[in-house]
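User: I am new to this structure and would like to go through it in short questions. Please look at it with me.

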Amino acid sequence: MRGGRATHAVIVGNGIAGYTAALRLRHMQPEWRITMVSGESTFPFSRPALMYVFLGHMRYQDTKPYEDRVWRDVRIDLVRAWVEEIDVGGRRLSVGQHKIMEYDRLLLALGSKPNKFGWPGQDLDGVQGFYSLADLDRMTRTLRRTRRAVIVGGGLIGIELAEMLHSRGIPVTLLVRESSYWNNILPKEESEMVTALIRAAGFDLRLQTELKEVVDDGHGQASAVVTSTGERIECEFVGLTAGVSPNIELAKRCGLPVGRGVLVDRSLQTRDASVWAAGDCAEIVGEAGQRGLVQQVWYTGRMQGDVAAAGMAGSPRAYDPGVWFNSAKFLDLEYQVYGSVNLSVPGERSSYWERQDGRASLRLVHKDAALIGVNAMGLRLRHEVCERWIREAAPVHHVIENLSEANFDPEFFRRREPEIARALEGQLA
Amino acid sequence: MSIVGEHTSACDEEHHALVDPGSSRSPSGSWGVRLGSGLIVLGLLALLAAIEGQQEGRVVLGLVGFGAIACGAAGTFVAVWSQRFAASNNHGVFFRSAQSQGIVAWALAVGMTGFYVILYWFPERLERMTHLLDPVATLLAGRAADHWFLYGFVYTIAVLVFGLRMLVKHRGNPYQLWRTASLMAFQLGFAFLLPHLMELARQPEFYFTYFWPLKWSYVFPSGVSELRGHPGGLGVFLLVWSAVASLVATPVLTYYFGKRWYCSWVCGCGGLAETLGDPLRHLSSKSSTAWRIERVSIYAVLGFIVLTTALVWTHASGHAPWLGGAGRRLSDWYGFFIGSVFSGVVGVGFYPLLGSRVWCRFGCPMAAVMGLQQRLWSRFRITTNGGQCISCGNCSTYCEMGIDVRAYAQKGENIVRASCVGCGVCSAVCPRGVLNLENGRTHGDRMVGHQGPWTRLLAEPPFKSTDAERPQHRKRHS
């Protein structure tokens with residue numbers, strides 16, 4: 001409190017970490033003034049849904065997780081502006097051109113940006129990642145003159161981007177460094193399944209191929225790429241989807257310690273006692289000698305926003321993400337993962353079942369006969385059950401016997417537990 | 001210092017972000033699509049010639065026209081949808097004029113409401129078209145066609161043809177396949193063929209799958225005495241059927257399966273909404289204002305029909321002569337305002353503007369009764385898969401009942417809503433496999449979400465949704 005007025009909490013960034021923190025903080029501190037600043041949009045929207053706006057499944061307003069009036073009702077002020085500078089010592093920040101905003105508690109939820117690895121031509125017009133509202137606009141503009149597109153880097157965004165371009169009838173080439181799609185995350189068989197799916201969808205997938213440079217058409221626009229195999233592919237659109245890295249420039253400029261991300265402790269507080277960081281931009285400093293933790297998926301952003309709000313409200317809590325999970329959809333193939341999969345845990349073994357048509361699979365990863373990870377393709381599993389099995393290190397035999405407990409497929413879908421159990425059990429001996 | 005919640009600046013941001021599909025080069029236009037659309041055009045021409053013409057073979061020409069339109073549409077749907085995979089089911093929905101309240105949608109809405117106005121109040125204008133169906137009516141019902149026969153015929157064709165579209169579109173999803181097949185079968189068998197075949201056998205034209213309060217007239221004194229007076233035991237059987245269906249089967253089935261057993265598997269209104277209306281399901285409003293209106297209007301209609309039923313029986317009992325013709329008048333009003341204007345003209349005619357379930361959501365008294373039970377005493381719920389929701393909004397967008405499904409899913413809560421008809425499309429469109437329609441072992445745990453370490457953080461505090469407590473500082477802003 002300064003001069004008897006309400007404590008003012010400012011949240012920079014309105015992504016999942018930022019808006020979760022704002023809502024939680026409002027709950028914990030009904031009297032505080034809360035302001036959420038973003039240069040991207042006034043109202044929070046769901047970032048993963050941007051692709052559906054492009055595809056015509058939804059309108060932009062349908063991607064907002066809350067009706068606009070909710071923010072007024074819960075008294076969270078929304079400011080659409082970019083934050084230019086932060087005076088950490090004086091606890092104020094400059095917003096937009098000439099506005100100065102004072103704060104008592106500050107949260108940086110700055111998100112991340114697509115990686116660029118110093119390729120020649122990487123900043124040409126027509127070369128972009130797919131992350132923000134501005135990227136959506138830029139892509140739409142570029143596509144008006146696009147006859148062919150190249151996507152650099154595998155992963156989820158790569159395949160989503162390919163699907164988006166395909167929906168507009170634009171031929172797509174994917175350049176992927178690995179020998180099989182996303183095999184740094186997916187185990188071998190699953191990765192091959194996705195690779196086959198991509199090819200079946202008609203995308204031109206080039207494995208073990210990297211980008212060498214993007215060629216300028218003489219007017220600052222991309223006109224082709226040259227690959228590591230020396231091939232030149234004519235294209236007007238180049239999608240960069242080789243991962244993202246934390247946005248740290250603002251924090252760096254204002255003197256906060258940064259590593260890969262904005263450095264924070266377990267309660268997500270930075271070195272400055274009035275500043276927190278959460279979500280994609282934060283790096284949680286590990287124990288001595290350990291690598292810091294940067295987590296950049298939806299639910300970790302949500303959890304971190306929640307923990308940061310607790311710290312800001314005066315009841316700090318240690319961030320504990322629990323058993324890892326994630327899910328995605330490759331074209332029409334659904335994917336779910338729980339726990340440790342493809343992490344080369346010493347002593348791990350895995351049992352694997354694949355449906356005959358190669359469009360569904362289940363993998364149980366276990367160590368000393370206890371479950372440590374589950375990977376499912378084309379099946380829906382119950383989060384609650386998988387999480388409990390892994391947390392309690394359930395015996396893998398028990399898991400196989402009780403697979404139906406974890407089935408989350410809709411009614412009338414064919415249940416294949418006996419078949420799956422036989423296949424998995426057979427590999428345990 | 002100026003910190004203003006610039007709520008108004010959202011407008012430009014929204015237009016800004018709307019994607020223009022100008023350069024869309026979708027890979028449609030296969031020979032199947034061309035053949036199908038060609039057949040539709042020829043069928044329309046044949047139908048027009050048959051309606052306007054005087055020649056001898058106009059009835060045959062008309063039937064050929066109906067057949068060509070149906071086959072052409074069916075062929076087009078198969079050609080378009082069999083090439084797509086499930087993830088692209090909704091590609092381009094918001095870019096098409098007919099599906100996004102554009103000029104085509106308005107034209108369709110005018111055409112469809114016009115059809116209902118003529119059907120209800122100027123049926124003589126349909127006479128030439130109606131008589132094209134005389135051979136069909138003779139075959140099925142042993143009489144000439146009237147405008148209601150025409151309506152039932154066109155309605156059933158629409159359910160079958162657009163049902164086929166659903167079957168091809170959702171061919172990888174058994175839940176959608178079974179319930180669509182069920183709707184098609186009930187419409188064809190129980191809402192079209194059977195009543196007419198009963199006529200043919202000189203029995204009452206009876207619709208087995210419509211009950212009070214949706215089909216109010218069956219329990220009105222006039223309807224009851226007509227059935228009771230029918231020679232042979234069938235009339236009495238039909239009375240018992242109506243009573244058992246309304247009073248026993250409905251509550252029992254709704255307890256075990258939710259109202260979907262009827263709305264998404266049996267009902268003819270639901271049948272049309274889930275087939276003809278499927279391309280328009282996303283148009284339902286998800287705003288909390290629409291929800292408020294829904295809660296008033298649907299129970300108002302229920303109150304209206306309960307009161308009307310009570311009055312006509314009181315009148316018929318002869319104990320309240322002072323009522324005069326109040327019951328009669330009320331039932332006339334109900335028939336006009338609710339039966340014709342609401343469920344027909346607005347309910348179906350406005351499909352292209354308000355979505356496919358306007359009647360079911362805002363008006364249907366049967367849905368109201370089952371909805372109350374579903375909310376309070378049923379094993380049915382839609383469950384949320386732990387913390388997997390990414391708030392994308394596909395579920396809410398494609399909910400034909402306008403339920404903001406995401407609001408529950410992102411909190412990790414089960415969805416237990418009176419209006420949910422259990423169509424299962426939220427589960428089908430979810431890119432993260434988050435939603436599942438389930439019948440629990442008891443109704444007691446239907447509101448509970450999944451429990452896990454994420455539960456606490458997903459559960460949002462109960463915010464006061466009122467402006468009354470807004471602090472003063474908001475008003476000081478420059």
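User: In which helix of chain A is Gln304(A) found?
Analyst: The model is a predicted one. Residues 298–312 of chain A form one helix, and Gln304(A) is found in this stretch. The element is helix 8.

User: Is Gln304(A) buried or exposed?
Analyst: Buried means under 20% relative accessible area. Gln304(A) has 1% relative accessibility, so the residue counts as buried. Leaving aside residues up to four places away in sequence, Gln304(A) touches Leu268(A), Ala278(A) and Tyr319(A), among others. The class for Gln304(A) at 1% is therefore buried.

User: How much area is buried between domain 2 of chain A and domain 3 of chain A?
Analyst: The domain assignment places domain 2 at 127–242 and domain 3 at 325–426. In contact are 17 residues of domain 2 and 17 residues of domain 3. Carbon and sulfur atoms give 69% of the area buried between these two domains, which is about 1600 Å².

User: Which residues in domain 2 of chain A lose the most area to domain 3 of chain A?
Analyst: Three residues together make up 40% of what the domain 2 side buries. They are Glu190(A), Met193(A) and Leu197(A).

User: Which residue meets Arg363(A) in a salt bridge?
Analyst: Across the interface of domain 2 and domain 3, the rule finds 2 salt bridges. The side chain of Arg363(A) takes part in a salt bridge of 2.8 Å, N to O. Its partner is Glu190(A).

User: Which helix of chain A gives the largest share of the side of domain 2 that touches domain 3?
Analyst: Helix 5 (155–167) and helix 6 (188–200) each give two or more residues to that side. The largest share is 6 residues, and it comes from helix 6.

Notes
Residues numbered from 1 in each chain as written. Chains lettered and ligands numbered in written order. Predicted model: local features only at pLDDT ≥ 70, side-chain atom pairs only at ≥ 80, totals over all residues. Heavy atoms only, no water. Helix = DSSP H or I, 4+ residues; strand = E, 2+ residues; numbered from the N terminus. Buried < 20%, exposed > 50% of the residue type's maximum accessible area, 1.4 Å probe, protein only. Contact = heavy atoms within 4.5 Å. Domains from an automatic or database assignment. Buried area = accessible area lost by both parts, 1.4 Å probe. Salt bridge = Lys/Arg side-chain N within 4 Å of Asp/Glu carboxyl O.
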